[in-house]
Amino acid sequence: MASRMASRLLRRSNATLGLLRSYTHARNYSSQLSALIPIGSQSSKLSRRHYYLPNASPYQLWSRSFASDNGDKVEAVVPFMGESVTDGTLANFLKKPGDRVEADEPIAQIETDKVTIDVSSPEAGVIEKLIASEGDTVTPGTKVAIISKSAAPTETHVAPSEDATPKETPPLKAEEKKPKVEPPKMQAPKPTTLPPKTSPAEPQLPPKERERRVPMPRLRKRIANRLKDSQNTFAMLTTFNEVDMTNLMKLRSDYKGEFVTKHGVKLGLMSCFVKAAVSALQNQPIVNAVIDGDDIIYRDYVDVSVAVGTSKGLVVPVIRDADTMNFADIEKGINNLAKKATEGALSIDEMAGGTFTISNGGVYGSLISTPIINPPQSAILGMHSIVQRPVVVDGSILARPMMYLALTYDHRLIDGREAVFFLRRIKDVVEDPRRLLLDI
């Protein structure tokens, strides 16, 4: 009996000692929580992700928020922004001190070279203070705001002032009345003489007050650098053709109702050109290839990048494995990516890669242009506006809906013959979509 009691007391002592060690171990972690980095690229919302401690053993820690030592307050920090993105600019705050926020609600936006990322509140509460400023360069883990979980939203009330109601001014006594002052006589201003020009050819520049200087957004800097790098790297050449859109437009008109009924999405022109580009890339695989040092890399898959213009600049999301998709899948993919681009919700992964780009300047009314290659790809197709023009059809002059096509390609890799054949294939498929069905 005595031995059992001793054994039981020993087990309880060991358990108590283990709890104390665990408590001490947990307290030591609290100072490191602000350095947690989320695993994976989809990390705009911090509160429901796994995190790991840098330079620690390879285990995962589930955390709802980045909590400080005071359990009533939590810190909102910049999330992991992608493998190729190391920092960003704090573009703007969506909330201010005293505002109520819910868990996972965005409170600030970080602008990177590629996308805009939200900084979300890890817990529901009230923003106590902001500890970063708009325009700051921030990195993953940078503290942005402190949130109090128990505070109530602050409301600004203006207390009634006793002086708010104007008091009547007593009339002046006779002796206190101010004497009348005769208004001084105004003299005509002397004509001013403008300083003579130093030389007849000296330009008259507008005043600096009529100019505005603003910082260039990071996305615009990235676009500028990539386009200039493209110009400096590639031996770019553009070839043109024109396509009669009559049959394709009739196809859309004949089946638009049935297409929407079955697939829940409209049949647009872009899906037809994506399918035509896939066919052309399969016929001329060199256009789908890329130079890598002294090697040529041939890609046996087709990821089509679609250029989308937004208020913040041009973005190029990617339709993965376009060669395995039908018209409906392509239309749904394009609509989804275009919506995300407009809302600034594209992720890094949705814009990475791509083997060929299509840019539709026709939506803005462009008649013809020479698009610039999207590095590291080797070619880009430019679509333009559809215009009724007179063309000769079977010896007769008819008005037909015509579109100019432009293919800009890297002449270091692609010869003119392959480029012309590529563009001709797109023309043939668009003018007679039945070729896609028969694969001819």
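Patches are made of residues with over 30% relative accessible area and no salt bridge, with like charges joined within 9 Å and nonpolar side chains (Val, Leu, Ile, Met, Phe, Trp, Tyr) within 5 Å. A salt bridge is a side-chain nitrogen of Lys or Arg within 4 Å of a carboxyl oxygen of Asp or Glu. Accessible areas come from the Shrake-Rupley method with a 1.4 Å probe, and for residues only the protein chains shown count as cover. The model is predicted, so that local features need pLDDT of at least 70 and side-chain atom pairs count only at pLDDT 80 or more, whereas totals for chains, interfaces and linings use all residues. Residues are numbered from 1 along each chain as its sequence is written, and side-chain values use heavy atoms, with hydrogens and water left out.

Phe240, Leu367, Ile368 and Val387 form a nonpolar surface patch of about 320 Å². Leu367 belongs to the loop between β20 (356-360) and β21 (379-383); here helices (H or I, at least four residues) and strands (E, at least two) are DSSP runs, numbered from the N terminus. Leu367 counts as partly exposed because its relative accessibility is 42%, where buried means under 20% relative accessible area, exposed over 50%, and partly exposed in between (1.4 Å probe, protein chains only). The loop between β20 and β21 also contains Pro376. Pro375 and Pro376 are joined by a cis peptide bond, with omega about 0°.

Strand β21 is largely enclosed by the rest of the structure, because 5 of its 5 residues are buried. Ala379, Leu381 and Met383 point one way from β21, while Ile380 and Gly382 point the other way. Two strands are taken to pair if DSSP finds at least two bridges between them. By this criterion, β21 pairs with β20 in the parallel sense over 4 bridges, and Gly382 of β21 stands opposite Ser359. Strand β21 also pairs with β23 (residues 396-410), in the antiparallel sense and over 4 bridges. In that pairing, Leu381 stands opposite Leu407 of β23.

A further sheet is open and has 4 strands in the order β9-β8-β6-β11, with antiparallel pairing. Its edge strands are β9 (116-120) and β11 (137-138), each of which pairs on one side only. Strand β6 (residues 88-93) is joined to β11 by 2 bridges, and Thr89 has Thr137 of β11 as its bridge partner. Between β6 and β8 (residues 106-111) there are 4 bridges, and these strands run antiparallel. The bridge partner of Asn92 in β8 is Gln109. Strands of a sheet pair through backbone hydrogen bonds, either parallel or antiparallel.

Two helices were examined. Helix α2 (residues 218-233) has 16 residues and spans 22 Å from its first C-alpha to its last, close to the 22 Å expected at 1.5 Å a residue. The expected span of a helix is 1.5 Å times one less than its number of residues. Arg218, Leu219, Ile223 and Ser230 are the buried residues of α2. Seen down the axis of α2, these residues fall within an arc of 140°, so they line one face of the helix; the arc is that of the directions from the helix axis to the C-beta atoms. Helix α6 (residues 416-431) likewise has 16 residues and reaches 22 Å, close to the expected 22 Å. Buried residues of α6 include Glu418, Ala419, Phe422, Leu423, Arg425 and Ile426. Lys427, Asp428, Val429, Val430 and Glu431 of α6 are also buried.

The loop between α2 and β13 (236-244) holds Phe234. Phe234 is buried, with a relative accessible area of 12%. Phe234 and Asp410 lie 176 residues apart in sequence, yet 5.6 Å apart in space, C-alpha to C-alpha.

Most residues other than glycine have a negative phi, and most peptide bonds are trans. Asp321, although not a glycine, has a positive phi of about 50°. Asp321 is placed in the loop between β19 (318-319) and α5 (327-343) and, at 38% relative accessibility, counts as partly exposed. A positive phi, of about 55°, is also found at Asp394, which is not a glycine. The place of Asp394 is in the loop between β22 (386-393) and β23. With a relative accessibility of 78%, Asp394 counts as exposed.
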